[in-house]
Amino acid sequence: MFGHKFNDEAYRRDLVDKIQKLKKAKNAVIIAHNYQREEVQKIADYHGDSLALAQTAVRTDASIIVFCGVHFMAESAAILNPNKKVLLPVLEAGCPLADMVTVDKLREAKAKHKGAVTVCYVNTSADVKAESDICCTSSNAVRVVRSLREKEVIFIPDKNLGRYVQSQVPDKKIILWEGFCQTHLRLSEHDVKAAMARYPGAEFIAHPECDPEVLAHAAAILSTAGMFKHVKKSSKNEFIIGTELGILYRLQVENPEKKFYSPTPHLLCAHMKLTTLGWVLHALENEIHVIKVDPDIAERAKKTLERMLEVCQETKEQVLGDGT
Ligand code: CIZ
């Protein structure tokens, strides 16, 4: 209001208060990806990677799920929860990597490599999932590919993750896709070397979406869920984190005695950062934007997701993240 001095903290507290009241009144739950803004992670009921969050959405008895993440994640939650209302606070929060593969391009590749199985990274749209054989996340990609009978694998869309999987599963022939994560690509080998020189006692851990020259310096190559587990059980006290900056907030909360550094301030996903407290409140108030998937596509995409879950159950390894 004119004439009033804007008080940022009072504004934030007011938003949080309104969100908490509305959440209760509407039987809603707020779930936030590891890459979300700190202010959003603070008000979330659950945190995790895309898969853990989609599964949290299955377990919850809330009728509204406010998904603080990007479009493909809310889509996966909607596919696994056709009877719940899944809201994405900012509709423009997308994933350029997911946009690097379309159904038409995938069909062309399948026609060229007849007999190959298609493994889609979770960072894909519902229609691409529907056209694929099995899904994977960065935490289970190696396990999923290892489980396949087929020798040839079309791996979409992240080239670096595909390359990493190939290094771990040499008996398969991985057909790589020319896709990449703009955020992880911003991390250079130079940044990593400089960070290692700045923090000589710290261990560098990196996400498999990073470039191979970056990964060559990593003590461990891990998904975000893998990073949480690794850091907790490690005897090391300092870590350089090669993934999106948002993860540092909760790594620090969960490991207050340890220190975390980002190798560059540029490891920011602009799409993840679109969601703010104001947009979360707006979504809850107006019950927007409801993520709906065409029933035929949803049914086929669900099979692709469920096949991944079966593989993880068969090997008795946990794919669930936490439900803090
Ligand atoms: O699966 C996810 O949420 C993504 C995109 C990355 C990760 O490692 O958690």
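The model is predicted, so local features need pLDDT of at least 70 and side-chain atom pairs count only at pLDDT 80 or more, while totals for chains, interfaces and linings use all residues. Residues are numbered from 1 along each chain as its sequence is written, and side-chain values use heavy atoms, leaving out hydrogens and water.

**Stop one: the ligand**

Now look for polar contacts, which are pairs of N or O atoms within 3.5 Å. A polar backbone atom of S50 is 2.8 Å from a ligand oxygen. H207 brings a polar side-chain atom to 2.7 Å from an oxygen of the ligand, and for T224 a side-chain N or O atom is 2.5 Å from a ligand oxygen. The protein buries 98% of the 270 Å² that the ligand exposes when taken alone (Shrake-Rupley method, 1.4 Å probe).

Helices here are DSSP runs of H or I with at least four residues, and strands are E runs of at least two, numbered from the N terminus. Buried means under 20% relative accessible area, exposed over 50%, and partly exposed in between, with a 1.4 Å probe and protein chains only. Among the buried residues of helix 3 are S50, L51 and Q55.

Next, select 71-80, which is helix 4: nine of its 10 residues are buried, including F72, M73 and E75.

**Stop three: P89**

Move on to P89, in the loop between strand 4 (85-87) and helix 5 (103-112). P89 counts as buried because its relative accessibility is 2%. Beyond neighbours within four places in sequence, P89 is in contact (heavy atoms within 4.5 Å) with V66, F67, C68, T275, W279, V280, A283 and H289.

**Stop four: the cysteines**

The structure holds zero disulfides, a disulfide being two cysteine sulfurs within 2.5 Å. For C68, the nearest cysteine sulfur is that of C269, 14 Å away. C68 is buried, at 0% relative accessibility. Finish at C135, also buried at 0%: its sulfur is 4.1 Å from that of C120, the closest cysteine sulfur, which is too far for a bond.

Methods: A polar contact is a pair of N or O atoms within 3.5 Å; within protein, one must be able to donate a hydrogen and the other to accept it, and residues adjacent in sequence count only if both atoms are side-chain atoms.
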